[in-house]
Amino acid sequence: MRKILAFWLIVPALAYAGSLPVFVNVTEEAGIDFRHTFGDEHMSSILESTGPGCAFLDYDQDGYLDIYAVNGRYLEGISDPDSPYRGQRLTNVLYRNNGDGTFTDVTEEAGVGDTGYGMGVVVGDYNNDGYPDIYVTNYGPNVLYRNNGDGTFTDVTEEAGVGSPLWSVGGCFLDYDNDGDLDLYVGNYLEFDPDFKVCFSAEVFPGPLSYAGQPDVLYRNNGDGTFTDVTREAGVYNPEGRAMSVGAGDFDGDGDLDIFVCNDAMENYLYRNNGDGTFTDVALEVGAAMGEFGEAVSSMSPDFADYDNDGDLDIFVPDMGYSCLYRNMGGYFEEYTAPAGVAAMLGQYISWAGYFIDYDNDGWKDLFITNGDAHHLYPEEDILFRNNHDGTFTDVALQSGDYFTKEEYIGRGSAFGDYDNDGDIDIYVANLDGPGVLLRNDGGNRNFWLMLKLVGVKSNRDAVGAWVTVRAGDLVQVGQVRAGGGYLSSSDIRLHFGLGDRPKVDEVEIRWPSGIVQKLKEVAANQILTITEPAEVTEGR
């Protein structure tokens, strides 16, 4: 049941009753029957507690978002020998969107049923052929599936040189050097020792500081289907890091992508892109390394967005405490979790994936957060905060459907996107030791909206890093195309903008990674618009 809050936290939400969109669990009717397992009946290690992630992607380019779900497996020497999963062939799963609200399991025919001990998934078109590729992070060697463009994939891990043998968790594709192809940053966690059992009995198993950390890896795309490990020369080698998830966004607005690494039980890293192929960790300097009181927290995942509509990217980081909302003050951050009104609610939960989404299409980014215990198979309800347009949020979960009031899971990753193309943001939630859940947004499209699919030409094909400004009357929003981020997951690469009661956009301005600036005038609302990068600066209809 939902935990009891102070009366003053509940009353403001009641004013929204009956007027808000709701999220409906449509998993069963959509034909999705995936259930995650970590290989055991009882959680007995930090390895079993960490996954899984998921992804929304349009793998067949038919205009509808498909779903990729990551699974665990039985591991000899780690899992209980009496586990019912011993001997079972457990795989990740790919569901194809049929375009009618249902999905079909196409894992076998697509060739993406990895049998490793899965953690997360990153999606991006690394070879610029117009079809999204899939990178799976594992406890053990990772896997890169190249999309063949015919509904099938090929495992090209070895030839691409990206099969890291470490315990990889989150990752992201980014074009950090703006050379027109996607590079890959992989976050690695720790040196897990299954024989080490010393811990406080109530915690069941040792925490992250009981093990040595592992360095992350930055792979530079060579443009020929292969990658080169440039971690050291790029300045992002930290052997004692304990990454949980990573993400990329241009926090300082200088035109190149910076990297945020959420570390467990230690300071976070924020690598500022120096524009010359190297990075500098400025997390402490800009106020994004620690929690509200200067303490190291168990950060789970980063999400970049402009929640206060002031023209720069803020960062939200769920954790095992009050979480962290880093408000961008123009090149540095101030911790706003308490002033924004989210700390009091989140202090009750262990939060993993947190996303800025405009679920009601009013032009202001709201917050969706998954929750679940870290050391026990104890479920927790997820949370939805509505943006009040003044820098604060209100918990509206009780007014947003039965999913928030009657269902509890051990939440981990999640992905967002408009799977039914009706103009509002839907959510897929990856739960530990439980079913994946597809949440359909009903009512978000009562307001106007615009969705943009950008196609790079000189820039990388996915247009990752493109900066978009949308002006509609007095409403001005910015967004940036990203691939990866969130907790072990990847979301719809299309940019979504709610417009409130505005039936058109006065101007869409795109700053492509190549430096080309494109402007479109008088754009009608309520459409999915594909925009291809021009050969030069353009302005017009």
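**Surface, fold and a few loop residues**

Trainee: What does the accessible surface of the protein chain come to?
Mentor: About 18,600 Å², and carbon and sulfur atoms account for 49% of that surface. Keep in mind that this is a predicted model.

Trainee: And how many helices and strands does the chain have?
Mentor: The protein chain has 8 helices and 37 strands. Its radius of gyration is 21 Å, close to the 24 Å that the globule rule gives for 541 residues, so the chain is as compact as a globular protein of that length.

Trainee: What box do the C-alpha atoms fill?
Mentor: Roughly 65 × 60 × 50 Å, taken along the principal axes.

Trainee: What percentage of the residues is buried?
Mentor: Buried residues make up 62% of the 541. As for contacts between residues at least 6 apart in sequence, 60% of them join residues at least 24 apart.

Trainee: How many positive and negative side chains are there?
Mentor: There are 32 positive and 91 negative side chains. The centres of the two sets lie 4 Å apart.

Trainee: Switching to single residues. Where is N309?
Mentor: N309 sits in the loop between strand 18 (303-305) and strand 19 (314-317).

Trainee: Buried or exposed?
Mentor: N309 counts as buried, because its relative accessibility is 18% and the cut-off for buried is under 20%.

Trainee: What does its side chain reach?
Mentor: The side chain of N309 reaches the backbone oxygen of G363 at 3.1 Å. Leaving out residues up to four places away in sequence, N309 touches G363, W364, L475, V476 and Q477.

Trainee: Which backbone atom does the side chain of T107 reach?
Mentor: The backbone nitrogen of L94, at 2.9 Å. T107 belongs to helix 3 (residues 107-110), and at 4% relative accessibility it counts as buried.

Trainee: Which residues does T107 touch?
Mentor: Not counting residues up to four places away in sequence, T107 touches T91, N92, V93, L94, V112 and G113.

Trainee: What about N445, where is its place?
Mentor: N445 is in the loop between strand 28 (437-442) and strand 29 (448-455). With 31% relative accessibility, N445 counts as partly exposed.

Trainee: Which residues is N445 in contact with?
Mentor: Setting aside neighbours within four places in sequence, N445 is in contact with N361, D422, G423 and D424. For D422, the side chain of N445 reaches the backbone oxygen at 2.9 Å.

Trainee: How are N445 and N526 separated?
Mentor: The two residues are 81 apart along the chain, and their C-alpha atoms are separated by 8.6 Å.

Trainee: Backbone geometry now. Is the peptide bond from G51 to P52 cis or trans?
Mentor: That bond is cis, with omega near 0 degrees. P52 is in the loop between helix 2 (46-50) and strand 2 (54-57).

Trainee: What is the phi of N178?
Mentor: Positive, about 50 degrees, although N178 is not a glycine. N178 lies in the loop between strand 10 (168-174) and strand 11 (183-188). At 34% relative accessibility, N178 counts as partly exposed.

Trainee: And the phi of A265?
Mentor: A265 has a positive phi of about 60 degrees, and is not a glycine. A265 is in the loop between strand 15 (258-263) and strand 16 (269-273).

Terms used: Residues are numbered from 1 along each chain as its sequence is written. This is a predicted model: local features need pLDDT of at least 70, side-chain atom pairs count only at pLDDT 80 or more; totals for chains, interfaces and linings use all residues. Side-chain values use heavy atoms; hydrogens and water are left out. Helices (H or I, at least four residues) and strands (E, at least two) are DSSP runs, numbered from the N terminus. The radius of gyration is taken over C-alpha atoms; the globule rule is 2.2 Å times the number of residues to the power 0.38. Buried means under 20% relative accessible area, exposed over 50%, partly exposed in between (1.4 Å probe, protein chains only). Contact means heavy atoms within 4.5 Å. Accessible areas come from the Shrake-Rupley method with a 1.4 Å probe; for residues, only the protein chains shown count as cover. Lys and Arg count as positive and Asp and Glu as negative; His and the chain ends are not counted. The place of a charge is taken as NZ of Lys, CZ of Arg, CG of Asp or CD of Glu. A polar contact is a pair of N or O atoms within 3.5 Å; within protein, one must be able to donate a hydrogen and the other to accept it, and residues adjacent in sequence count only if both atoms are side-chain atoms.
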